[in-house]
Amino acid sequence: MANSYDAMWEKLNLDLDAHSGLLEVLGKFYGDIHASQQGRLRGMEYLDFVLSEVHGLRIKELQEAKAAGRIVVGTFCVFVPEEIVLAAGGIQVGLCAGAEIGNEQAEKVLPRNTCALIKSFVGFKLARLCPYIESCDLIVGETTCDGKKKAYEIFSDYSPVHVMEIPQMKKASDRVLWKSEVLGFKNKVEEMTGKKITAQSLKDAIHLVNGRRLVLQRLNRLRAAVPVPISGRDALLINQISFYDDPVRFTAKIGELCDELAERVKAGEGVVPKGTRRLMLSGCPMAVPNWKLPYVIESSGAVIVGEESCIGTRNTRDLVKETGTTVEEMVEALVDRYMRIDCACFTPNTERLENVVDMARELKVDGVIHYGLSFCQPYAIEAFKVEKALGKAGISMLSIETDYSMEDVEQLKTRVEAFVEMTS
Amino acid sequence: MFDKDMVAGIDIGSRSIELVVLNSGGVVRREKLPTTFDPLGQCRKLVEGLEGVRVVATGYGRKLFAESFPGLNVSAITEIQAYALGVKFLHPEAGTVLDIGGQDTKVISLSGSGKVVKFEMNDRCAAGTGKFLEFMAVALQVPIETFGEFALRSERRVQISSMCAVFAESEATSLMARGERAENIAMGLHAAIISRTIAMLRRVGASPPLVFAGGVAHNPCAVRLLEEQLGQPVSVPENPDMVGAIGAALYGRNGSIQ
């Protein structure tokens with residue numbers, strides 16, 4: 001079946017041999033980590049399908065959309081306002097950077113001690129293995145950390161890149177900066193699409209993206225039930241897929257899945273045995289197919305009930321106010337909403353500490369696992385503050401620092417199991 | 001031989017495998033074998049005659065062991081839990097446990113009742129563990145068993161700044177090339193791993209008394225440096241490398257963590 005896409009992949013200039021190897025590994029990995037779970041929801045078939053076609057059907061859709069004159073914008077960060085792209089008739093995809101791919105090529109242009117996520121997106125590009133990157137008319141970078149900031153300079157040698165400056169504080173002057181960045185992005189997108197964003201198109205786009213956030217919020221409320229009705233791995237996968245599937249289809253399908261979950265919750269059915277410890281993840285994002293730590297955790301007598309992460313609540317917690325009627329008012333609403341993101345790139349970032357503690361309490365977790373990618377300084381330093389804040393609330397935290405390689409899985413298992421024993 | 005109160009604990013580590021068998025009266029058997037390249041074969045030798053006895057496995061090989069001996073009544077706990085239980089049994093007053101083994105260093109903070117409150121473990125790299133000392137003992141051509149005494153014969157402590165075994169070896173080599181005495185270099189190597197350990201202890205809080213277990217606790221230089229730098233006495237159990245196996249057996253006896 002995959003072969004039917006060969007012509008498309010060849011046109012996108014992918015390295016076909018290496019790419020088929022990647023799909024094979026990904027398929028096996030998915031089978032071991034996701035498809036083998038017991039008691040999965042019927043609604044997960046949609047996700048199985050989306051993932052099995054991750055480089056196939058969805059790419060075909062993107063190519064068709066491009067042929068019809070739409071642009072595709074790729075991003076690596078939840079700060080890039082998708083509403084702007086959609087309002088101008090474009091498509092935005094969150095690019096994956098969750099696999100150890102093209103490391104050798106990436107290390108030719110990046111220092112070795114660069115975080116796995118950055119190495120991964122540069123590696124995917126240089127190894128010609130990501131049909132999403134190759135489908136993009138524009139890659140939007142941002143200045144959330146020094147590593148990414150400098151890596152986009154390198155990336156721009158290979159792809160068209162637009163970098164948005166993310167403020168590092170939340171003062172009035174920072175909001176002014178952010179607003180000018182949003183407007184600059186709007187101009188850039190309008191220029192590329194040749195379409196002016198109108199009050200109606202922006203209103204529709206805001207409503208669409210809010211709708212996706214709302215369905216993910218609903219998912220999070222449902223999975224908070226005791227007993228837990230869905231595994232953390234599946235919930236993470238849903239969040240991961242929200243970044244690249246069509247937003248209308250995604251929202252409808254996850255809505256159906258939530259209906260099924262609601263029935264399960266009503267019937268008091270869970271996916272894990274009684275006594276399984278409820279843990280929450282907090283920290284760095286886990287991009288597709290980075291399922292390593294969730295798999296370790298859920299094979300150690302625990303279940304993940306929430307992700308305080310960009311691929312998790314940081315992306316879905318806040319909605320854009322829908323009261324605006326003019327483009328100007330709606331841009332203000334967008335600026336406000338995106339300024340509320342509690343990324344560790346901000347100083348101070350006390351909102352995040354409050355959000356982590358509130359979330360841990362609401363989810364009635366037995367503990368929190370803080371996940372930091374090696375060499376991610378903002379989250380590594382904030383981990384100490386998170387641990388202190390949780391400690392005050394009487395909640396234990398385990399701090400894990402790792403990357404995408406498998407060499408430390410045994411050590412991680414020991415630490416996670418010991419943490420689970422400790423919270424028992 | 002078959003006492004219904006009999007339980008066994010087996011600690012399958014990277015360097016050695018220890019077995020402890022308890023009955024209601026206390027330890028009835030205590031054995032140790034090197035792990036080798038065939039840990040299961042070594043385990044098989046150790047558990048001979050234990051059919052029907054509850055066995056609790058710990059250490060890196062715990063899962064493999066549990067899967068490989070379906071005939072035995074096996075469960076598994078982590079080394080963190082095993083060391084906490086073992087130390088609490090041998091030294092009920094303990095506030096903190098330090099375990100330096102073959103490839104891991106662990107620091108465990110205990111509550112008054114002996115529950116694990118917090119722990120730290122080194123990451124994937126074996127810097128600062130028994131493996132580091134072993135590697136360096138080979139480089140200096142001193143048997144690992146006497147490496148600590150050898151280091152204690154130093155006249156001064158040379159600074160070794162690298163914690164990576166490979167870099168530290170080249171550092172040691174260049175010191176030797178400059179005519180530095182092997183004993184002084186050995187002392188510098190010990191000091192390097194102890195200062196790293198102290199940093200881990202500080203992160204966990206390390207309320208005294210500290211009990212030092214694991215294979216490296218046999219090393220008198222490591223113990224002396226720890227006491228010096230912490231400014232407090234350090235207790236070492238009689239058989240420090242057996243603590244994990246004892247803890248595992250105790251878990252089997254009590255059937256729970258507490």
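Which residues of α13(A) are buried?

1. The model is predicted. In helix α13(A), the buried residues are P247(A), F250(A), T251(A), K253(A), I254(A), L257(A), C258(A), L261(A), R264(A) and V265(A). They lie on the same side of α13(A), because the arc they cover around the axis is only 170 degrees. As background, residues three or four places apart point the same way, because an α-helix has 3.6 residues a turn.

2. The other face of this helix can be described as well. Turned away from the buried side of α13(A) are the exposed residues V248(A), R249(A), E263(A) and K266(A).

3. The length of the helix can be checked. Helix α13 of chain A runs over residues 247–266, and its 20 residues should span 28 Å at 1.5 Å a residue. The end C-alpha atoms of this helix are 28 Å apart, which agrees with that expectation. After α13(A) comes G268(A), which has a positive phi, near 70 degrees.

4. Next, chain A as a whole. Its secondary structure comes to 19 helices and eight strands. The C-alpha atoms of chain A fill a box of roughly 60 × 50 × 45 Å along the principal axes. For 424 residues, a compact globule would have a radius of gyration near 22 Å, and the 21 Å of chain A agrees with this. Of the 424 residues of chain A, 52% count as buried. Among the contacts in chain A with a separation of 6 or more, 75% come from residues 24 or more positions apart.

5. A344(A) sits in the loop between α16 (327–339) and α17 (350–362) of chain A. Is A344(A) buried or exposed? A344(A) counts as buried because it has 23 C-beta neighbours inside 10 Å, where the cut-off for a buried residue is 20 or more. Leaving aside neighbours within four places in sequence, A344(A) is in contact with N349(A), R352(A), P378(A), Y379(A) and E382(A). A344(A) and Q377(A) are 33 residues apart along the chain, and their C-alpha atoms are separated by 9.1 Å.

6. E93(B) is found in the loop between α3 (79–90) and β6 (96–100) of chain B. E93(B) is exposed because 10 other C-beta atoms lie within 10 Å, where the cut-off for an exposed residue is 12 or fewer. E93(B) and P209(B) are 116 residues apart in sequence, and their C-alpha atoms are 7.0 Å apart in space.

7. How many residues does each chain give to the contact between chain B and chain A? Twelve residues come from chain B and twelve residues from chain A. On the side of chain B that touches chain A, α3 and β8 (116–121) of chain B each supply at least two residues. The residues on this side of chain B divide into seven nonpolar, two polar and three charged.

8. The last point concerns the domains of chain B. The domain assignment gives domain 1 (7–80 + 242–254) and domain 2 (94–236). The C-alpha centres of these two domains of chain B lie 26 Å apart. Their contact takes seven residues from domain 1 of chain B and ten residues from domain 2 of chain B. On the side of domain 1 that touches domain 2 in chain B, the residues divide into two nonpolar, three polar and two charged.

How values were computed:
Residues numbered from 1 in each chain as written. Chains lettered and ligands numbered in written order. Predicted model: local features only at pLDDT ≥ 70, side-chain atom pairs only at ≥ 80, totals over all residues. Helix = DSSP H or I, 4+ residues; strand = E, 2+ residues; numbered from the N terminus. Expected span 1.5 Å × (residues − 1). Arc of directions from axis to C-beta. Contact = placed C-beta atoms within 7 Å. Nonpolar A, V, L, I, M, F, W, Y, C, P; charged D, E, K, R; others polar. Domains from an automatic or database assignment. Rg over C-alpha atoms; globule rule 2.2 N^0.38 Å.
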